[in-house]
Amino acid sequence: PGNPNTGNAVASFLLGNVDRGILRDFAYYPRNRYKYFAVYAQDDWKATRKLTLNYGLRYDVYFPRYEKNDNLSSFDPTIPNPASGGRLGALAYLGDGPGRNGRNSFADTYWKAFGPRFGLAYQITDKTVLRSGYGIYYAQGNANAGLRDSLSASSGFAANPTFATTDQGVTPAFNWNNGFPQNYVRPPVIDPSAANGAALRPILRDDGRPPYFQNWSFTVEREIVPRFNVELTYLGTKGTALGNGLIQLNELNPSFLSLGTLLSRPFNSPEAIAAGIQSPYAGFTGSVAQALRPYPQYLDLSNRSNPSGSSTYHALQTQVSIRSLAGLDVQMAYTFAKTISDSDILAGGGPAGQTTYNRRLEKAIATTDVPHVFALSYSYELPFMRSNRWIGGWMLTGIHQYSTGVPIVLSANNTLPLFTSILRPDVIADVDRRYGSESFDPAIDRWINPAAFRVPGSLRFGTSARSYTDLRNPSFLNENFGLLKKFRFTERLMLTFRAEWFNAFNRTIFGAPQANVSNAQFGRITSQANQPRQGQLALRLDF
């Protein structure tokens, strides 16, 4: 559409004149493998009548990704690239033979995953118990997990030939009566330069280290009266060697922002030549920014399996339980917590950052942080006519859930020529980030105060944090109720009636606001995050 050289689109279709075609040709389909084994020993020692100790040690070994026939490739920053004048950074291939590296995986196996455990329980009085514990727990992640991109290590074992018109539609790329053109190099190709000009997701030697967590807790449990218990717990977790989305091996160093708009000019333009920009290798084509990248022969190199992320979690957890007290069972829990991280999952991504050269900018309140959570569940046998098998025996149940919203992740349209994906806005000091309206109306109000943030100036990073404790999505509030009655006709025949109401008070929970300051709708909420009130009736016959 809009191209005067192509003529009538329907006519081109009937004639079989293809404008552009692409083929994905695999020599082998990867048969990736992930091996794991562990041994564990534990002992319990009742030191006294009131004190019990338990201790143990677990040893885990996660073997990094490998392929059944060694048909995997990955970027290696230490080997020369023949098609780029011998610059370091080229494809490495697993296995033995010409052009291969003699290894069966790109990451090294981590042999030091020892996880000690220790716990104690001490009966202070007949109704009060103290429990505490500490442990180190390893998990599958980083190069030991699939990362949901198992085909990303197929360079050299797959071809992506693309044939397109070279004169803006005057001459078709090919005619489909003749099939897809076959004049392309077929895989497999064991060539260090096979992925030049492409974006890769490398696996490096250190990526075999699994993520691990240090957990510690301290709990006091007290029976107030029979069948009425109160529990108070402090819980801490420290995550280390987590995967994150912050390692971009081919990001342009921000120090080159001083070149300004020259970065977007061709490397051989008169302005670039006058500024002393040189071709990184013979045959290079591209912008000044591309020429100055650490590996100009490639596009993005996103190391999604790196073990560089971390997190901390601290929580005060309280729980009250009432068991079978005059027909009433209750579980009530409240958690006050805080999570700080630069990584929210074990491997394969997480929040991206402004620059890989200063990853400390991304250490902030976690995108999953929920400081207040209250939950109440109960069942109560209604007191009227309990002894009557037909009229009595009705059970009322309820589940109530209330929690604060997760933090809002701020962004701006990224105009930096650094090959990064995220830009933060500027934050304005001493301006409330939220509007103080108690009766929020999404048709009128903005959830975020637009005066608190602005688009950053040209060729620089924004000053805001990734997220703030006082700038969150709307809170979650929900009540569910149920009514249950069982009719037993014989020993083997029973009918159960159930009525249930979800979101019984028909609360409206608003969705997340627009968090991109460059968007005209910045701060506005345009969606609903929950469902309206729903009810259902059910009959179940057991025989």
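How many salt bridges does the structure hold? There are 14 of them, a salt bridge being a side-chain nitrogen of Lys or Arg within 4 Å of a carboxyl oxygen of Asp or Glu. The model is predicted, so local features need pLDDT of at least 70 and side-chain atom pairs count only at pLDDT 80 or more, while totals for chains, interfaces and linings use all residues. Residues are numbered from 1 along each chain as its sequence is written, and side-chain values use heavy atoms, with hydrogens and water left out.

One of these bridges joins Arg-131 and Glu-221, whose closest N and O atoms are 2.7 Å apart. This pair links distant parts of the chain, with Arg-131 in strand E11 (residues 128-138) and Glu-221 in strand E15, 90 residues apart; strands (E, at least two residues) are DSSP runs, numbered from the N terminus. Arg-131 is partly exposed, at 38% relative accessible area, where buried means under 20%, exposed over 50% and partly exposed in between (1.4 Å probe, protein chains only). Asp-369 and Arg-472 also meet through their side chains in a salt bridge (2.6 Å, N to O). They too link distant parts of the chain, 103 residues apart: Asp-369 lies in the loop between strand E19 (364-365) and E20, and Arg-472 in the loop between strand E23 (453-454) and strand E24 (476-488). Both Asp-369 and Arg-472 are buried.

Most residues other than glycine have a negative phi, and most peptide bonds are trans. Arg-227, however, has a positive phi near 70°; this residue sits in the loop between E15 and strand E16 (228-242) and is partly exposed, at 44% relative accessibility. Asn-503 likewise has a positive phi, of about 50°, in the loop between strand E25 (494-502) and strand E26 (534-542). Asn-503 counts as buried because its relative accessible area is 4%. The peptide bond from Pro-187 to Pro-188 is cis, with omega near 5°, and Pro-188 belongs to the loop between strand E14 (174-175) and strand E15 (212-225).

Ile-391 is found in the loop between strand E20 (372-381) and strand E21 (395-403). With a relative accessible area of 45%, Ile-391 is partly exposed.

Notes. Helices (H or I, at least four residues) and strands (E, at least two) are DSSP runs, numbered from the N terminus.
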